[in-house]
Every structure is written in C-alpha cells, then in structure tokens.
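Please look over the sequence and the model first.

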Amino acid sequence: MSLVGRFDTPGSLRDVPAGSPLYDRWHATIGALIAPSTPLSGPGAYVDPSERDLDVTATRAYTWTGFSRPLLMKHRDDRDAAFAEGEDRSTQIEYLEWHVARDPSGVIVRVTFTTETPEYWKALAAVAPNRVVALYRELVDPAVRSKDLFKANGRYDPLNRWNTTHGIVHYIMPINSMRDLLGVSQEVERTGAALDGYGALPYGRETGADARINLDLWSINRKGYAVATADPPGPLIIDWDDSGWTDPAGEPVGDHWRVVRGVRGAALRVVYEVPPAAGYRVGDIRIGGRPIAFGGQLAEHVIMSAHGVIDRGAS
Amino acid sequence: MNSDAAIALAALAETQTALLSGVELPASSGDAAARLGRAAAETVGAEAVAAESGEVTGDQMPAGSGRTPQALADEPVYDADAAADIQGNIVPGFNKDHQHFLFLRFGSIDGAREWVGWLAPRITAMDEVLDFRREFRALRLRLGVREPGLSATWTAVAFSFPAIAALAGHTDARAFGEQSFRQGLAERSTYLGDPTDPDHRGHRANWVVGGPDNEADALVIVAADDPNDLDAMVDEILDHASAHGITLLFGQRGDTLPGNLQGHEHFGFKDGISQPGVRGRRATSPDDHLTPRFLDADDPHAELFAKPGQPLVWPGQFLLGELRQHHQDPTIPAAPASAFPDWARRGSYLVCRRLHQDVVGFWEMATAAAAAMGTTPVRLASMLVGRWPSGAPLMRSPDADDAALAGDEFANNHFLFDDETRPSALVDLPGYPGDTHRPATEDLLGKVCPFAAHIRKVNSRDSGTDFGAPADTFLRLMLRRGIPYGEPIAGIADPSPELETGERGLLFAAYMASIEDQFEFVTRRWANSPVQPNVGGVDPIIGQRDVRGDRRRTVDLPAADGSTTTIELQEDLVTPTGGGYFFAPPISALRGTLAAG
Ligand code: HEM
C-alpha cells in the first residue's frame, strides 16, 4: 500500500465539510504534480508517496528565509534598497508573500504573511465559491463582494483586488505555487555528476528556497534513498525570530504574532499586529535598533519550511 | 563542582596532539630574512604553535614540484605599497601567544589625531607578518628545531564609528554603508540574542566595555611572542595615549593556555584550526600566495580550496574595495563593496566580543547530559563542539579522540557533512605519508556530528543552508583572531574555589567586510536559531535565545541507537561581557586622513 492514501489539504485545513469533492480534487491536483519516481542525483529517487510504499526511517525539514535572497544579493551594499524593492509582491519569491497595511500617516500597522497557494484557492473556488467569499471576508475585509472575486464567467480571479492591492489571501508571484514547489523538488542535478554540494556549483538559482530544496534532495538521492514530500505537502512558516525587536521604550516587544491559518510551528497565514492596548504600532518597533519601514524587514526574520520523508532502505 | 565533571576537566591535561614531524612544508626561496630587517632573537619564539597547527600563510610553493597548485586568473596581486598598507592582523593574522587588547577613549580631538599619527608607523603591515612567517619556517627547517628563536611584537588598531566621525568628519563617516558599524555593538546587542534583563550580567549595561555608556573609540591590539616585549609595547602606547588626553577604558590581557592545551580555548578544545584562505598573492613572485596552496591542480576542488577543508575566499570578503565572493559561483569574483570613503580601501571591520566562559558549568552540564545519554562527558562535550579536545573532528573520528588526526594539518579539517569526503590530491610534500586517517563518511542526518554542534552551525561547509547553496556559505566566513583571557582551569586537578569561580573566557575578534552579512548573520540566523541552517537546536556553545527574558535553549543530540535526544540547557555557559564594532583602517589612512583630519 502506498504511504499516502489521499494527499491532505495544506495545514490539514477543513474549509469545507468532509465529503466535499474538494478533498479528492486536491489529491488529484497534487498527484498530477508529482511523477511516480524521478532520480535527481545518484541512485536514489524522488517518489510519489501516494503511489509508493515507503518505510519512513527519517524525516527532514527543509528550512529557508522568508525575505528574497535575490534582492539582498542584488543590493549587497544597501539593505534599505532591498527592502524597498521587496514591498512589490512580484519580488516576494521565497514562498512567502506579505501585505503591508499602513495608517493614514504612512506608519505600518499590520503585516499579513501567507504561504497559501493559488492552486488550493482555485480548487476551493471551483467547489465552494460562497465559502471563498466568506473566507475572504473573514481574512481580509467584510466588504468583499462575490463579484470582486469572480469574473463574469464565474471563474475565480486570483489577481482580485483583495488579494493584491487591498489585501492578501494567497500567492500571486508567478513562481510561488504548489507546482513550483513540487517542481523544484523534482529538479535533476545539473551536471549529473556532482558527488557533493561543492560539485553542484556553480548553482544557478538565486533563491534560498530553491537552493535549500535542491541541495538537500540531491544529497539524499546520492545516498540511494527514496525521498518524498511529507503529507500534506506545501510550504509553511516554521518559526520566526523577534529577539532584539524593541518597543518605543526600548523594551522587548510582546508576542504580536497571530496565526490565523495553520498552527504555530506550521503556519499558513500569520498576522503581525500590535494590540491597541500596547500603545504603539508595528512601525514604531525597532529591529536591532532600526525602525521598521518595510514589511520585508519582518519577512527577513520569518523562517519557512517544507517537509520530507526519507526511506533509507529503498531506492 | 561535581566529581565527574572535575575528573573530566582535569583529564584535559592529557590531551595529546601528535604533530606531523619530518614533513617538509614548502620552503622559502626568497630573501625574506634580509627584507625582514629583524634579527632572529635568542629568545624562544612561540610562533611555532601557529605554524605547526597549519598557520603556514605566506610560504611559497617549492620550485620544480611534480604537482602544481591552482590559482584563478582574476586573483589580485598586491604590490609592495598595498602589502605595506593592509594591517597584518587582518591578513595573515598575528596569532601570537600573548596579546593585550586596549580599549581607549579619546579626549580632545587634536590630541587623538596626533596620537594616531604617532601610532601609524608602529602598526604592523601584512608584509611584515608574511615575511616573518616565511622566515620562521625557513629557520625551522634549516635549524631543525621547532622553535627557532625568532620573535616579534606587533600592533593593530581599529576605531569605532563615533571615533571615525570625530577623526575624519561626518561626511566621511556617513560614507560607511555598514549600518551595524554605524550603530555599534551595544545597540545590536539584543539582536544578537544577548540578555534583555538589565540585571543579567550579560546585559550591555553591565559590560566592562562597549556598553551604552562605556563604548571605546579605539581598540589597539598588541601581540608578542615574549610577554616582556608585550608589556613594554603596551606601556609605550599607553604613555603616549595619556599624553594626548586618551584614557584606557579597559585593558584585557590574553594568553594561550599552557602545556598540552596551547592553542585551546578554556573549555579545553583546540581552536583556530579552520580559517578561510584569502585569495590573491604578493607581487614578489607568482607563487607568493597569501594562503599557500597545497591542492594539486588535478584535484576536483582545486579551484575552491587551498588545503583540504580550507576554502579560498575572495579578499573583498575581508578587505573593503577588493573583489568579493560571488553569491552563486566561488570561482568568479563579484564587484567590490562600494559603500565607504576612498581612504578606507583595504580596511576591514573588526568585531570584538569579550565572552565569559563558565567552564565548570560547561563540564557539569556535559557530565549530566552524558549520564542521561549513556556516554562519556568528553564525548558529549565534543558533540557540542564538533571536534574533540585535541581538535580531531568528530566527522573523522566519531568514537574517540585521535591525537594523530588532530596533528595532521592536511587531515584535521578535511571533512564534509552531507556527502562522503573523498581523498584530496596534494602537491608533493616530502615526508608526508598522505592522509591515512579514517575518511569522513556522509552525515546528512546529523547522526555523527549533531546539526547544532558549534562548528556545524557556524560553517555548514558542503551543505545547502536556509540561505543558499554552499556558494553562499563562503560569503559568511570571517577571519577569526581571538585569544583566551583569564587563568585556565581546564586540565587542573582539584582547583581551588577561587580558581573555580575565576574570570576567564574568549576575547573573540574577527575581521570581515560586512558585520551584518558575516558575524551577525552567523550569530543570529545560525547559532541562535533552533531551525537554521538546520532543524536541531541552537549552537550550545554560543547560541543565545532570549524570548522576552526566557533564556532556555535546547539542543538535539543523536543517541547510539539512532534516536534523537533533546537536551535542555538551563544556563548560559558563554556570556557577553564587553566588546565593540570597529573599523581597522589601512595604514595609509592612519598617516593621512585620520591623523590630519
Ligand atoms: C567562548 C566562545 C567560543 C568558543 C569556546 C569557541 C570554540 C570554538 C572551537 C573549539 C572551534 C573549533 C576549532 C576550529 O575549527 O577552528 C571553533 C570554531 C569556530 N568558531 Fe568558535 N568559539 C566561540 C565563539 C565563537 C563566535 C562568537 C563565533 C562567531 C559568531 C565563532 C565562530 C567560529 C567559526 C567560524 C569556527 C570555524 C568553523 C569551521 O570552519 O569549521 N566562535 N570555535
């Protein structure tokens, strides 16, 4: 029997009742993105756990940083320039996208992070459009109307205003998607001959996420191991680090992270907002002594993960 | 101290390192002694420690060797002016057994400028240190003794941001793009995980130097083979300083540990084994590399390593304005940094942290954890470091310390983490039998060397990280120049209560071109993080967690049966007690802008 019977929804969310066709469709969506077996580097393979029986002898969390590595590399001598450019969703390329809300004076009051994929929301929209509207109202704004989200032909519009200019629900950056995550996971080592991580250099992709996933999976494959995505597949927020963040009095900030979807350690949607009682705003916080002017300054301290299972016996 | 911990601590005195003997390392062909301009003293030089442990920077390769090392075409060539401009503690590093760190506060700015001008000719350049090393090795071979009796006293200097602003003016100071330098260590302290509780000893308000109210303007580092020479130079510098209205905020003497523990830090482990190799050479001859090359051109990694395990790094990672490391491809350079005033070219940022070490607490913790895991205290402690006390890497000797491995400089740093380590092809080394030690096997899952082990946290070598392929890790390396301070307790049987509670630790010092991308990156994102670069807990040596005052930390350690045990570390065993962020200017600037205003 295969390891996974039916791929679960991201974060095992139950946005619609059990028995909804969403769950089978989601399984089919994921299944279509994973080949039965792909040798990546050496004798092992990346396999589809819904088609393969696996004796899981190890698990692995592939971790990376939420802020765009390409931007930090482009602006090595000017971090502010990297953060400024990072406000544009199209640069938020590490499977973490965020939306910044500012007060009328321009000071940041809330940053909302998501790791949710367009594939999931499209699947949900196809089976439960009303539920999508309700979730948008809950997550973004009660003012959301159905016609804001669905085109005249009834198709869900991922680039709707509540997921772009006026808020965030899921990824829109073209290479942030379940297809890309699982695609990069099945990418074959370029030289076909690398015996170690140095042999895989120069490595062309600039994001931390791609490098992390590629390098780790190639090395696992070189051992002859079979490796697969853990279930449910998908990127998560595994941790964040707000040490050294101070309030206007110079004291450590309180715990202002609110997980809205998923759980701590495996979050899909997280809101960073200071409760009114605290008497200051996100933009009044300093990180290591530097005032917060951009959402990317927080994203730099958000840590992402994807999870894998390893069968050391089979290849 | 509990008795098991006391036994483990005392046993460190037996730590052996079997140094390679009879190996002819590439010898000098030049007239270094003449250029050195310093006669070999009759006193016993202690530089041998450095040379023996692999610090052979500055030697030339043998002529006519059958096998040849590799250098990339773009590597910079330093002419005499450049080699006399770069401070010698940056490249190749003083690495002396006795050093004194002087943290100074300026009085009048005119006085400070005059004193800088006086100091300028006393600052030791790269050239002098390279020549000394070459001559030292040549003498050693010629005389056939370990310590040929060559000694020197060297000086380095660096300034804080406010001091640069005072000496060079605000316009020039603002040209320094490195925000962390401009802010200073105290302001970055809690970002590095330091205690937020003002009552904690490690809180910046309680530091001996470098806190909000006692930041130093200048840090002078004097290093000598002979403690008397050291004292004489320190006195001279302080006399002139005080004559120019400059006060000593804090002074800290550092010394290497005695006997078998020479070159070890206070917990008892050999330090200073793994350093990046700076690319480039002097103009004197085509093979006068700043870092001697021992890999034969046939070796698949010959373009990446100077010596097995020693990565070659473009000099701009340590010297402003030089070609930097490319973020994807280690064999091609990236453009130099640009955010600094002209006169600062070939200078380097210096991070200094005075880190108190609770040695008794460390061995008590190791003893308790060892009992819980059914292993010995020394093995457990070695898992926390990633090396045995001798310096032998766990990756190559998982079960016991290995004196011969530790002493073999071509083997003791030759290991990867994620994949099997293959033998290196070396240039001809007469007398060297080759690396015959057990090779490192892959440890992708952290079963041999825990993910949290200090050396795996701060340099994950061949592994991918949270921030890229191994090419990115080259961008994080720094030139470590620290030395222990305080009276040792490692290796002492029945220490007195005063000795047990004595003040000791590491004067951590490291040079780099970006504080934020090197020291701070490694500290915060790797050492302090339980999930970066790999899930597995924080660095048990230097990792700090301060979650709104809660400083408990955990480390995952592999057990013999393949399972993982999570150990909770209740206390900080390393506590920051001072330091600063400084800029070490090129020597020309000491004579020019900084002295003249
Ligand atoms: C009291 C504090 C510390 C102790 C006891 C300590 C101890 C050690 C020891 C025993 C080694 C192994 C020797 C070697 O590989 O060269 C080592 C290596 C190293 N340490 Fe530390 N260390 C301390 C602080 C730091 C700090 C603050 C940093 C930087 C953030 C640091 C960075 C490194 C690096 C980069 C290496 C070399 C790793 C490699 O390339 O394999 N250490 N340290």
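## Sheets, helices and the iron site

In chain A, an open sheet is formed by three strands in the order β8-β11-β12, with antiparallel pairing. Its edges are β8 (245-246) and β12 (290-291) of chain A; each has a single partner strand, so one side of each is left without a neighbour in the sheet. The model discussed here is a predicted one. Two bridges connect β8(A) with strand β11 (residues 286-287) of chain A, and this pair is antiparallel. Thr246(A) has Arg286(A) in β11(A) as its bridge partner.

Chain B has an open sheet of three strands as well, in the order β6-β9-β8, and here the pairing is mixed. The edge positions are taken by β6 (277-278) and β8 (305-307) of chain B; each pairs with a single strand, so one side of each has no neighbour in the sheet. β8(B) runs antiparallel to strand β9 (residues 310-313) of chain B, and two bridges join them. Within β9(B), Pro311(B) is the bridge partner of Phe305(B).

| Helix pair | Angle | Axes |
|---|---|---|
| α5 (residues 109-119) and α11 (residues 227-243) of chain B | about 155° | 9 Å apart |
| α12 (residues 359-373) and α13 (residues 377-385) of chain B | roughly 110° | within 8 Å |

On the α5(B) side the contact involves Trp115(B), Trp118(B) and Leu119(B), which meet Glu236(B), Ile237(B), His240(B) and Ala241(B) of α11(B). By class, this contact has five nonpolar residues, one polar and one charged.

The other pair, α12(B) and α13(B), crosses at roughly 110°, and the two helices are therefore roughly perpendicular to each other. Residues of α12(B) in the contact include Phe362(B), Trp363(B), Met365(B) and Met373(B). Among their counterparts in α13(B) are Pro377(B), Val378(B), Leu380(B) and Leu384(B). The contact of α12(B) with α13(B) divides into twelve nonpolar residues, one polar and no charged.

Which residue is the protein donor of the iron atom of the ligand? The only one is His454(B), through its NE2 atom at 2.1 Å. His454(B) belongs to helix α15 (residues 454-458) of chain B.

Terms used: Residues are numbered from 1 along each chain as its sequence is written. Chains are lettered from A and ligands numbered from 1 in the order in which they are written. This is a predicted model: local features need pLDDT of at least 70, side-chain atom pairs count only at pLDDT 80 or more; totals for chains, interfaces and linings use all residues. Side-chain values use heavy atoms; hydrogens and water are left out. Donors are N, O and S atoms within 2.8 Å of the metal (3.2 Å for Na, K and Ca); water is not among the atoms, so sites may look incomplete. Helices (H or I, at least four residues) and strands (E, at least two) are DSSP runs, numbered from the N terminus. Axes are lines fitted to C-alpha atoms, for helices over the stretch in contact, and angles run from 0 to 180 degrees between N-to-C directions. Contact means heavy atoms within 4.5 Å. Ala, Val, Leu, Ile, Met, Phe, Trp, Tyr, Cys and Pro count as nonpolar, Asp, Glu, Lys and Arg as charged, and the others, Gly among them, as polar. Two strands pair if DSSP finds at least two bridges between them. Angles under 35 degrees count as roughly parallel, over 145 as roughly antiparallel, 65 to 115 as roughly perpendicular and the rest as oblique.
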